[in-house]
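Here are my notes on this model, point by point. Have it open while you read.

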Protein chains: 2
Amino acid sequence: MQTILQSKTKTVKIDPNGPFTIIGEKINPTGRKKLAAALQEGKFDYVRDLAAKQIAGGADMLDINVGVPGLDDVAVLPQVVKMVGEEFDIPICIDTSNPQALEAALKVAPGRVLVNSVNGEESSLSRILPLVKEYNAAVIGLVMDENGIPNDPEVRCAIAEKILERAARLGIPGDDVVIDPLVLTVGADSNAAAITLKTIELVRKNFGVNINLGASNVSFGLPDRDTLNVAFLGLAIHAGASCAITDPTKYTALIKGCDLLMGRDAYAAKYIKYYRTHPVEKV
Amino acid sequence: MQTILQSKTKTVKIDPNGPFTIIGEKINPTGRKKLAAALQEGKFDYVRDLAAKQIAGGADMLDINVGVPGLDDVAVLPQVVKMVGEEFDIPICIDTSNPQALEAALKVAPGRVLVNSVNGEESSLSRILPLVKEYNAAVIGLVMDENGIPNDPEVRCAIAEKILERAARLGIPGDDVVIDPLVLTVGADSNAAAITLKTIELVRKNFGVNINLGASNVSFGLPDRDTLNVAFLGLAIHAGASCAITDPTKYTALIKGCDLLMGRDAYAAKYIKYYRTHPVEKV
């Protein structure tokens, strides 16, 4: 199954057997005071800067989240989506839990976007999926519901199935639903990542759909987060993940390396091209 | 299945479901002129230095190879094995293709060693396995034979089966045979690592035995080898590898990270302990 996204002129294909798709995570004010302030002041130069840096680093898509307490996201989200969509030729992932803000952004987004996200809660399924259908988008489905985030990979997989079924009923095919198996930090529960890896394997085996990672949560609260994030990307890519919302300025080389080692980069062409344009500093 | 190795007083368990076992690769003169010269001169201080640094870096075992052209390995290998075994309390992996040197080293090695290696060739099976049995050692089995290193993971797996069967006939149980699926560089064949990963999965599924990686070959001839080596460790650990002959001074943090993410490090205790004793430099 392939998930096809588009910008003004470019197409990105998320493919379980293809090279990994990198969705830049940095246009998100959570924990980024400078971005939060810029969004509140309606000054988008810093957003432009983050977009440009992530694209230079190797992002295939950009996630856009404007969730600042008190900010009118119904007004601001479409402004930022429109600006990034017009000024940067890269497909967008619209990141909001507010259906009004989502619809406003969907109306102005160029190309074909990925919606981040729906989950297994009835209120989410019934409000997000119709918008995904109406605007011919694709969607990330988080494996959580009214009961929270289950610890059992089988139960997470059952929520994935429910999301896929509800989407199918509206005419949204499995190709257009990217399942996010969710990962909590191993700092709080040392089994957290193992549960996610098992969920990835199950979802991949049972449904064959694309799988997204929010790859930086796993290390929250622990020292040397980069090492854990890198390790998790390798483990999760082998388990079957096909895209991640992550930091392209840090992890693109590792991801290109995984593509090569998984047999998805003939003649190491992309790996070497990335190296030549992003040489590693000698330590 | 568990492979149990011993030094003078310590026991190391290689376990498919346990934390990953790191076998330090550096006491090997291939490509290390300073070590080659030291071995030829019979001056072992540099060997001591390499042993100490690898143990400080996180090695669980040390590989010992004295293969220098013209060097009398039947004389030198046991000297080095005896010195390391007596001065450092860490299990040893005796690395030689010469049965005479192997036997001489087995006679003086303390504890229970890992022999590196037997392969599927008749001459290797018939000469190495009886020594492994006689000296109650464990052995690494390389999946190659008279026809070379096959490209087909199923054929590599069949060689693993042959090695396991021949060992069993001599009374060497599967616990004491660590299969090495072999990895060639992706610089020469961009499918090389994918073949190895598939072999790991097959061997693990079919036989349940421990699996070793010679983890640094994969990146030979390519730029930014560290990134590829790190990526490969993550992918291979998820595929089922349980130990590697690698550089503990570079890759231990990543491996401890993988252990934690695979759910093999309760309360992140080992990860945090390693970090505290080996803090990461801020870049």
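The points below go from the chain interface to one helix and then to some backbone details.

1. Ground rules. This is a predicted model, where local features need pLDDT of at least 70, side-chain atom pairs count only at pLDDT 80 or more, and totals for chains, interfaces and linings use all residues. Residues are numbered from 1 along each chain as its sequence is written, chains are lettered from A and ligands numbered from 1 in the order in which they are written, and side-chain values use heavy atoms, with hydrogens and water left out.

2. The interface. Chain A and chain B bury about 2900 Å² between them, with 76% of it on carbon and sulfur atoms (buried area being the accessible area, 1.4 Å probe, that two parts lose on being put together, summed over both). Leu235(A), His238(A) and Leu261(A) supply 25% of what chain A buries there, more than any other three residues. The contact (heavy atoms within 4.5 Å) takes 37 residues from chain A and 37 residues from chain B.

3. I find 0 salt bridges across it (a side-chain nitrogen of Lys or Arg within 4 Å of a carboxyl oxygen of Asp or Glu).

4. Who does the touching? On chain A, α7 (192–207), α8 (225–239), α9 (248–261) and α10 (269–277) each supply at least two residues of the side that touches chain B; helices are DSSP runs of H or I, at least four residues, strands are E, at least two, and both are numbered from the N terminus. α8(A) gives the most, with 10 residues.

5. Helix α1 (residues 33–40) of chain A. Its buried residues are Leu35(A), Ala36(A), Ala38(A) and Leu39(A) (buried is under 20% relative accessible area, exposed over 50%, partly exposed in between; 1.4 Å probe, protein chains only). They cover an arc of only 165° around the axis, which puts them on the same side of α1(A); the arc is that of the directions from the helix axis to the C-beta atoms. On the other side, Lys33(A) and Lys34(A) are exposed. The buried residues pack against β3 (21–27), α2 (45–57) and α3 (73–87) of chain A.

6. Backbone checks. A cis peptide bond joins Asn116(A) and Ser117(A), with omega about 20°, and Ser117(A) sits in strand β6 (residues 114–119) of chain A. Chain B has a cis bond between Asn116(B) and Ser117(B), omega again about 20°.

7. Leu182(B), not a glycine, has phi near 65°; Leu182(B) is buried, at 13% relative accessible area.
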